[in-house]
Amino acid sequence: MLKLRSICKKLGAMNMQHLDLTAEKGQYLVLLGPSGVGKTVLLEIIAGLMKPDSGKITFDDTDITFAPPEARGFAIVYQDYALFPHLTVSGNIAYGLKAAKKGSAVRKKRIHAIAEMLGIKSILHRYPEKLSGGEQQRVALARALVVEPKLLLLDEPLSALDANTRVRLRKELRQLTQKLGTTVIHVTHDPEEAMALADNVAVMLDHRIKQIAPPVELFRRPSDAEVAAFLGMKNILAVTSVSKNICRVCDQNIHASSADDATSHIWVGPEDILLSKQPFDSSARNSFKCKVTGWEHYNTLLAIDLTAGEMKLTALITHASFKQLSLEQGNDIYATFKSSAVHCF
């Protein structure tokens, strides 16, 4: 288990203060945040390539705060892969094994085993310049994994790839690390990538970790409006006042069962909003007559943009529902959602 406690690091405009983080053995932990918040700096502090100004790092209860990188037994893969251009694929993969003084028989066995797992046996003789982006990424992962690291650190490893290769490789990466039981800390700015890969996601904003949660919980219950906005979540609404579970939003009243005097924002999941041509006969406490202002494709669904007075909402519906409702821009439509579907920050 990796534990970071009260890590501080000032580097130019970046000022990381008292940061805590834990990665359980065998866990795939994704560090998610925009550029410039210190994700790579934190990764390099974990790797031992950079020293914290203060704080403590332990791995399996051993203090490694100031241990050199080679004493930690970790491996790191960067966005640009950093393959040695003068070495073949086989030579690149063998590099760490040679540094660890493994014999030629052991090296050969491990190289062929990891190449088989990653589907790169047929390119072991090639040089990096002859490889595609996806092949280079597989070679970089093979070089990192062949030394059987105690912890694998990945810095935006998929961001340079085209969309199809990226989707395919993240699936392979998850399956491979699960099979090997590898503990992983993976840095990305892409919420979709985090959702697909992580056991736990740590959201990093303003040089701080704002929330750590499994992906489903994170996207269902973000800790605050800032986290929700970064995740690209729709229907984050500012609250001007609260009275007996009634939140004033723009010129509308929204009933929220969990609202209290500290509530400053609410969030309603677009998938929790029901649309109907007539008022919906249900126990739901919130129903608004809206205007349709537009729509866009959202994966296999449609995101319908609505206004109720000054309040803006987005609802997700199927293509079949869109056709059934015969929606057109400017149409009147009723939007209904339960009080329990309103999450308060």
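**Strand pairing and the domain interface**

1. Strand 1 (residues 2–11) and strand 2 (residues 14–23) pair in the antiparallel sense, over seven bridges. Strands here are DSSP runs of E with at least two residues, and helices are runs of H or I with at least four, both numbered from the N terminus; two strands pair if DSSP finds at least two bridges between them. Within this pair, isoleucine 7 stands opposite leucine 19 of strand 2. The two strands form a hairpin with two residues between them, and glycine 12 in the turn has a positive phi of about 60°.

2. The model is predicted: local features need pLDDT of at least 70, side-chain atom pairs count only at pLDDT 80 or more, and totals for chains, interfaces and linings use all residues. Residues are numbered from 1 along each chain as its sequence is written, and side-chain values use heavy atoms, with hydrogens and water left out.

3. Strand 1 is also joined to strand 4 (residues 54–59), by five bridges, and these two run antiparallel. Leucine 2 stands opposite phenylalanine 59 in strand 4.

4. The domain assignment gives domain 1 (2–230) and domain 2 (234–344); such bounds come from an automatic or database assignment. The C-alpha centres of the two domains lie 39 Å apart.

5. How much area do domain 1 and domain 2 bury between them? The value is about 510 Å², 57% of it on carbon and sulfur atoms. Buried area is the accessible area (1.4 Å probe) that two parts lose on being put together, summed over both. In domain 1, Arg220, Arg221 and Ala225 lose the most area to domain 2, together 73% of what that side buries.

6. The rule finds two salt bridges across the interface of domain 1 and domain 2, a salt bridge being a side-chain nitrogen of Lys or Arg within 4 Å of a carboxyl oxygen of Asp or Glu. Arginine 220 forms a salt bridge with glutamate 271, with the closest N and O atoms 2.6 Å apart. On the side of domain 1 that touches domain 2, the elements giving two or more residues are helix 8 (215–220) and helix 9 (225–230). Helix 9 supplies the largest share of that side, three residues.
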